[in-house]
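Subject: Structure handover

Hi,

Here is the structure I promised to pass on. Please open it next to this email as you read.

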Amino acid sequence: MKDIAVNGGLHLANGNGINGHSDAPETALNGVNGAYANGSNGTSQAVVSVANGIAKKQSAKCTCNSNGLAGKSSDTNNNQGHEKCTFHHDLELDHKPSTREDLLPLMSKSYRMLLSSLGEDTERQGLLKTPERAAKAMLFFTKGYDQSLEEALNGAVFDEDHDEMVVVKDIEMFSMCEHHLVPFYGKVSIGYLPCKKILGLSKLARIVEIFSRRLQVQERLTKQIAVAVTQAVQPAGVAVIIEGVHMCMVMRGVQKINSKTVTSTMLGVFRDDPKTREEFLTLCNNK
């Protein structure tokens, strides 16, 4: 398939169709959608995704035809028969872009407009590359959107006849408040009671990284970490405590620099058995 640039922003994809049928049009973003097909010789032309005047091409195509679903519709809005197709379904992140670096030009332009709105001279030496640096930093702060639990675990789930509590505490955490887009940071303590399966210890820290590197609120982050550990090893119970410092309370608003926010999620035996919960809290508080 060959891409043709049009007006610096629009791409046309030319290719041979299958059995005289045209390929399904790519999804258009922000309400821009267009496709046309020439039925002769099985040739199709599809307009690929356009977002705010910048063309963006999907990295994958539906492979359902190769899996015995050739007779079914390939419409991306019809998910029937495509339950296992990553082109139609992404359970971890359904708005995941094909390549996040493709967003840099648009994000840099937005940061430049923001600086201009503040009355800054974006052409002065100190700010020339600031929009691009800020865009790259934001992509790093939110890199968890590109990561899945399966990738983080990397098969590090082991059969082990161990049924005593496992606790990893004081895992450093950095995240971004989704309300003000300023950081909050702190420490995470995770405990779980295995049921014949244990998780590589470093994977607990990786789970924290996946969900903290997103736009978050601490309450949701705590629950997501606990649910992820449950999905990974199906333990008898999971407990998660996060102690965080929020810049939205420190450097703006009420400006209380010594305040800390503590959230917890208790699942399974940690919720049902007070003694198990007390043991976990004791281990977390021991220095």
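Below is what was found in it, from the overall make-up down to one residue.

The model is predicted, so to speak of local features pLDDT must be at least 70, and side-chain atom pairs count only at pLDDT 80 or more, while totals for chains, interfaces and linings use all residues. Residues are numbered from 1 along each chain as its sequence is written, and side-chain values use heavy atoms, with hydrogens and water left out.

**Overall**

The protein has eight helices and 13 strands. Helices (H or I, at least four residues) and strands (E, at least two) are DSSP runs, numbered from the N terminus. Of the 287 residues, 35% are buried. Buried means under 20% relative accessible area, exposed over 50%, and partly exposed in between (1.4 Å probe, protein chains only). Take the contacts in the protein with a separation of 6 or more: 63% of them join residues 24 or more positions apart. A contact means heavy atoms within 4.5 Å.

**The sheet**

Five strands make an open sheet with mixed pairing, in the order E11-E8-E9-E12-E13. Its edge strands are E11 (215–216) and E13 (261–268), and each pairs on one side only. Two strands count as paired if DSSP finds at least two bridges between them.

Strand E9 (residues 183–193) runs antiparallel to strand E12 (residues 237–246), and 10 bridges join them. Gly186 stands opposite Gly244 in E12. Gly191 stands opposite Ala239 in E12. On the pairing with E8, E9 is again antiparallel, over nine bridges. Here Gly191 is the bridge partner of Val167. E8 and E9 form a hairpin with five residues between them. Leu181, in the turn, has a positive phi of about 55°.

How many residues of E9 are buried? Eight of the 11 are, so E9 is largely enclosed by the rest of the structure.

**The cores**

The largest nonpolar core has 32 residues. Such a core is a set of buried Ala, Val, Leu, Ile, Met, Phe, Trp, Tyr and Cys residues joined through side-chain atoms within 4.5 Å. Val188, Ile190, Ile207 and Ile225 have the most contacts inside it. Elements that each supply at least two residues include E8, E9, H4 and E12. Helix H5 gives the most, with seven residues. A second, separate core of eight residues includes Met165, Leu193, Met266 and Cys284.

**Met173 and Val188**

Met173 lies in strand E8. Met173 is buried, with a relative accessible area of 1%. Leaving aside neighbours within four places in sequence, the contacts of Met173 include Phe184, Val188, Val208, Leu221 and Ile242. Met173 and Val188 are 15 residues apart along the chain, and their C-alpha atoms are separated by 6.7 Å.

**A helix pair**

Helix H1 (residues 104–117) and helix H2 (residues 130–141) pack at about 120°, with axes 8 Å apart. Axes are lines fitted to C-alpha atoms, for helices over the stretch in contact, and angles run from 0 to 180 degrees between N-to-C directions. H1 and H2 are therefore oblique to each other. Under 35 degrees counts as roughly parallel, over 145 as roughly antiparallel, 65 to 115 as roughly perpendicular, and the rest as oblique.

Best wishes
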